[in-house]
Amino acid sequence: MTSSQNSGCSCSCSCRTDKSPGKPFIHSTNSSITLTNRLDHVLARWGVNRSGHRVEPGLYKIGDPTSESLVFVSANYTLSFDALRSALAGFDAYILVLDTKGINVWCAAGKGTFGTKELIYRIITTGLCDIVDHRKIIVPQLGAPGISAHEVIRQSGFRVEYGPIQARDLPEYIRTGKATPEMRRIQFPLCDRIVLAPIEIVHIALPAIIIAIILGFLAGTTASLAVIITVFTGTVLFPALLPSIPTHDFSTKGFILGTLAAIPFALAFGFTSDIPKWAAVAGAAIPLLIIPAVIAYLGLNFTGSTPFPSRTGVKKEIFRYVPVMALMTVSGISLGIVLELCRYMGMI
């Protein structure tokens with residue numbers, strides 16, 4: 001009699017051993033985070049080889065698990081996997097790693113790669129029914145949007161239980177067998193927000209440097225400084241100040257922060273005494289048009305990394321505000337071109 005029969009598994013096909021022929025292969029891992037692992041984490045945060053920070057999908061054992069040991073589910077993103085295995089220090093358990101294409105649990109759940117189909121597939125192909133006698137699998141709470149629990153139990157016989165949000169709470173969760181309300185609450189402190197900045201900086205660094213150099217030749221060091229301040233505000237100050245900016249939409253938060261960042265440059269151009277008044281006003285309008293629009297756009301990049309927006313809310317925000325950002329940016333650039341042409345023709 002198979003272990004699935006011993007456990008009273010109610011599914012009709014998916015838990016049968018003929019779905020997983022041969023002896024199941026189990027990878028071994030441990031809770032130690034090495035210097036190499038930490039280097040990998042740093043490179044991942046900075047977007048270096050972004051799709052390469054992954055572990056092989058499949059079943060892993062940590063410690064010396066038995067047929068009664070708990071089974072935890074993870075994405076195959078190295079930061080997700082390492083956070084889970086380090087939290088399981090001192091415990092004997094199994095880790096079922098899904099193929100999320102190197103994406104973390106939360107984002108993969110939204111994209112569908114941390115999903116019902118993949119979970120069922122891994123349960124079957126790893127022969128999990130023959131490895132554990134119980135029929136419970138623990139999924140991180142942030143993976144819930146991608147998992148249909150009733151389909152998992154119907155097709156595999158495994159009951160889905162949602163663990164705490166933070167991997168660091170797993171030891172208490174394992175000891176008590178339940179997640180407290182505090183474990184279910186998403187916290188998003190300053191350190192978690194700032195850690196998002198590096199990858200955004202990397203994405204925009206090269207074009208920002210090129211633009212800063214070009215504007216330095218055309219309009220002077222003040223224009224180059226404006227580029228640097230815009231990038232810093234949109235990638236570092238925005239996530240740092242996110243909860244403090246008093247609007248709901250990320251775009252309007254960006255417009256507010258961008259306007260504050262643009263005011264010093266608008267004043268610098270507006271109080272230029274050696275050009276006509278109309279040119280000074282036009283020059284002051286350029287940063288007030290471009291900087292808020294760019295910072296608002298950069299702010300939108302953080303919608304998928306925070307617990308604040310919903311998917312439908314983000315879509316509405318994109319359709320509502322991106323055309324405004326584009327119009328402001330094009331208007332500012334056009335105004336700058338006109339001023340440069342006027343200067344070239346000796347009108348300023």
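Helices here (H or I, at least four residues) are DSSP runs, as are strands (E, at least two), and both are numbered from the N terminus. The views below come from a predicted model, in which local features need pLDDT of at least 70, side-chain atom pairs count only at pLDDT 80 or more, and totals for chains, interfaces and linings use all residues. Residues are numbered from 1 along each chain as its sequence is written, and side-chain values use heavy atoms, with hydrogens and water left out.

**View 1. Leu298 is part of helix H14.** Leu298 counts as buried because its relative accessibility is 6%; buried means under 20% relative accessible area, exposed over 50%, and partly exposed in between (1.4 Å probe, protein chains only). Look also for Leu241: 57 residues separate it from Leu298 along the chain, and their C-alpha atoms are 14 Å apart.

**View 2. The second largest pocket has a volume of about 1000 Å³.** A pocket is an open set of points on a 1 Å grid over the protein atoms alone, where a 1.4 Å probe fits, with protein on both sides within 12 Å along at least five of seven lines; lining residues have an atom within 4 Å of a point. The volume is the space filled by probe spheres set on the points, which are joined across faces, edges and corners. Of the 35 lining residues, Leu215, Ala219, Ala223, Ile286 and Ile290 lie nearest the centre of this pocket. Helices H11, H12 (221-241), H14 (277-300) and H15 (311-344) each supply at least two residues of the lining, and H14 gives the most, with 9 residues.

**View 3. Ile209 sits in helix H11 (residues 197-219).** With a relative accessible area of 49%, Ile209 is partly exposed. Together with Leu206, Ile210, Ile213, Ile214, Phe217 and Leu218, Ile209 makes a nonpolar surface patch of about 770 Å². Patches are made of residues with over 30% relative accessible area and no salt bridge, nonpolar side chains (Val, Leu, Ile, Met, Phe, Trp, Tyr) being joined within 5 Å and like charges within 9 Å. A salt bridge is a side-chain nitrogen of Lys or Arg within 4 Å of a carboxyl oxygen of Asp or Glu. Accessible areas come from the Shrake-Rupley method with a 1.4 Å probe, and for residues only the protein chains shown count as cover.

**View 4. Asn49 and Lys101 have positive phi values.** Asn49, with phi of about 50°, is in the loop between helix H2 (35-45) and strand S2 (58-62). Asn49 is exposed, at 53% relative accessible area. Lys101, with phi near 65°, lies in the loop between strand S4 (93-98) and helix H4 (105-111).
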